[in-house]
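I'll look things up one at a time and jot down what I find.

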Amino acid sequence: MKILIVGGGIAGCACAALLQKEGFTDVTLIDKAPEFRNIGYLMGIWNTGRKVLKELGIDMQIEKNSCEYDSDIVFDRNGKLLKLVPGEEFNTLGTVSIRRNDLHQSLFNLLDKTSVRFNTACVSIKQNEEKAEVEFSNGTKEVFDLVIGADGVHSSVREMIFGKNFLRRYGWRVWMWWLPREHESSNSVTSYYGSGKICGILPFFDTSVAILFAKVPLKRSNEKDQQPAVLFKDFCSEVQNLITTMPSVKEMYHDDIAYVEMPLWHKGNVVLIGDSQHAVSPTTGMGASMAMEDAWVLVQELKRGETIAKALSSFATRREKRIRRFRRIVNQMDRWTMAHGLLGYVRNKIITVVPARYFIQVLRHFVEAEI
């Protein structure tokens, strides 16, 4: 079976590594970047994602480069303590944090039998009943038995095969940057909840990542009014101090958050995995684990030896049920964390009285379920 994977991120590299492990010998992975660079910030790896890494034999390697947190501390925008969740409760979810680059590099290092082509994009895909002819950005064409779109939220494969009407905007903006090493940090996740706004600090050994979420108009007339210094001016001094450490726009990640509302997983001999099919907001930090789950289930179905059509149908059936549940959890968390006005006030009151285990058990049931 001749397989093409479009996109060399977490989903694409995990899929290629799993295919290689299961004996698929004719696999090509392409990425439009000239090389893989040290990009990205921190990401959470949940229990199910760690199971895939164990399957690939790199779980211990990942654990050496990851960290757990002592606690999860939530304040309101004025710096008043709302909740402290001890690490022993939160860590029952099996979640660790790791630099995106460390996870990506560990997966990429496994691809010694996979043909990897940098600086290569997919320009067009033409399908017949059995094959897919792919034209690349260098003008060459090749025929594949299966094309796997793992090219993220702005997937070109999705647009070519399914159309352009599946990307949606939340109306939120995010800013993320590494804090200076001299910035005092603990080993606790810290959050400040405001009205439709959140400031978070994610520690990682001797440094930390700061992240801001804020609701902003989809159509903005005055961009100056939508900058962190203005949006978060009603937050406490701790948050104000964080904002003063923000680097230039070119040196940090900032974007209007989008999600994918995609009813289909495959068409003909093309299938989508990861963010290209089910991108959601990053509030849960489950995106990488869900992408690795996709890759694992797809490879499991392909190795059964049935037709590609049957394998893709079985894959879609298995993943749709789980991803539907995943989206429900994310939507609930988004409504909770990004609540504004009266709902934000009620949220802060509830946080102080409801035990943390009530919130954690929902996630625990999800991560412990069969994939």
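Before I look at any touching residues, I note what contact means here: heavy atoms within 4.5 Å. I also note that this is a predicted model.

**Entry 1: a loop serine**

I started with S155, which sits in the loop between β12 and α6 (156-162). Is S155 buried or exposed? Its relative accessible area is 0%, and anything under 20% counts as buried, so S155 is buried. Leaving out residues up to four places away in sequence, I found that S155 touches L272 and S276.

**Entry 2: the sheet around β12**

Next I followed β12 into its sheet. I found an open sheet of six strands, in the order β8-β2-β1-β12-β19-β18, and its pairing is mixed. Which strands stand at the edges? They are β8 (115-117) and β18 (266-267); each has a single partner strand, so one side of each has no neighbour in the sheet.

I then zoomed in on one pairing. Strand β12 (residues 146-149) runs parallel to strand β19 (residues 270-272), and three bridges join them. I picked V147 and looked for its bridge partner in β19, which turned out to be V270. A reminder to myself: strands of a sheet pair through backbone hydrogen bonds, either parallel or antiparallel.

**Entry 3: the partners of β7**

I wanted an antiparallel case too, and β7 gave me two. Strand β7 (residues 96-99) pairs with β3 in the antiparallel sense, over four bridges. Here M43 stands opposite I98 of β7. Strand β4 (residues 66-67) also runs antiparallel to β7, with two bridges between them. For C67, the bridge partner in β7 is S97.

**Entry 4: helix α12**

How many residues does α12 have? I read off 12, covering residues 342-353. From first C-alpha to last, α12 reaches 17 Å, close to the 16 Å expected at 1.5 Å a residue.

I then listed the buried residues of α12: G344, R347, N348 and I351. They span an arc of only 95° around the axis, which means they lie on the same side of α12. What do they pack against? I got β5 (71-76), β6 (81-86), β14 (188-193) and α11 (308-337). Turning to the face away from that buried side, I found the exposed residues L342, Y345 and V353.

**Entry 5: aromatic rings**

How many aromatic pairs does the structure hold? The count is 14. One of them is Y41 with W178, a tilted pair at 6.0 Å centre to centre, with 35° between the planes. This pair links distant parts of the chain, 137 residues apart: Y41 is in the loop between β2 (26-30) and β3 (42-45), while W178 is in strand β13 (residues 167-178). I checked how covered they are. Y41 counts as buried because its relative accessibility is 14%, whereas W178, at 27%, counts as partly exposed.

I also looked at Y358 and F359, an edge-to-face pair at 5.5 Å centre to centre and 85° between the planes. Y358 has 49% relative accessibility and counts as partly exposed; F359, at 30%, counts as partly exposed as well. Elsewhere, ring pairs join F36, F108 and F118 into a cluster.

**Entry 6: charges over rings**

Last, I searched for charged side chains above ring faces. K2 lies over the face of F144, at 5.0 Å from the ring centre. R117 lies over the face of F136, at 5.5 Å from the ring centre.

Key
Residues are numbered from 1 along each chain as its sequence is written. This is a predicted model: local features need pLDDT of at least 70, side-chain atom pairs count only at pLDDT 80 or more; totals for chains, interfaces and linings use all residues. Side-chain values use heavy atoms; hydrogens and water are left out. The expected span of a helix is 1.5 Å times one less than its number of residues. Buried means under 20% relative accessible area, exposed over 50%, partly exposed in between (1.4 Å probe, protein chains only). The arc is that of the directions from the helix axis to the C-beta atoms. Rings of Phe, Tyr and Trp (its six-membered ring) pair if their centres lie within 6.5 Å; planes under 30 degrees apart count as stacked, over 60 as edge-to-face and the rest as tilted. A charge sits over a ring if NZ of Lys or CZ of Arg is within 6 Å of the ring centre and within 35 degrees of the ring normal. Two strands pair if DSSP finds at least two bridges between them.
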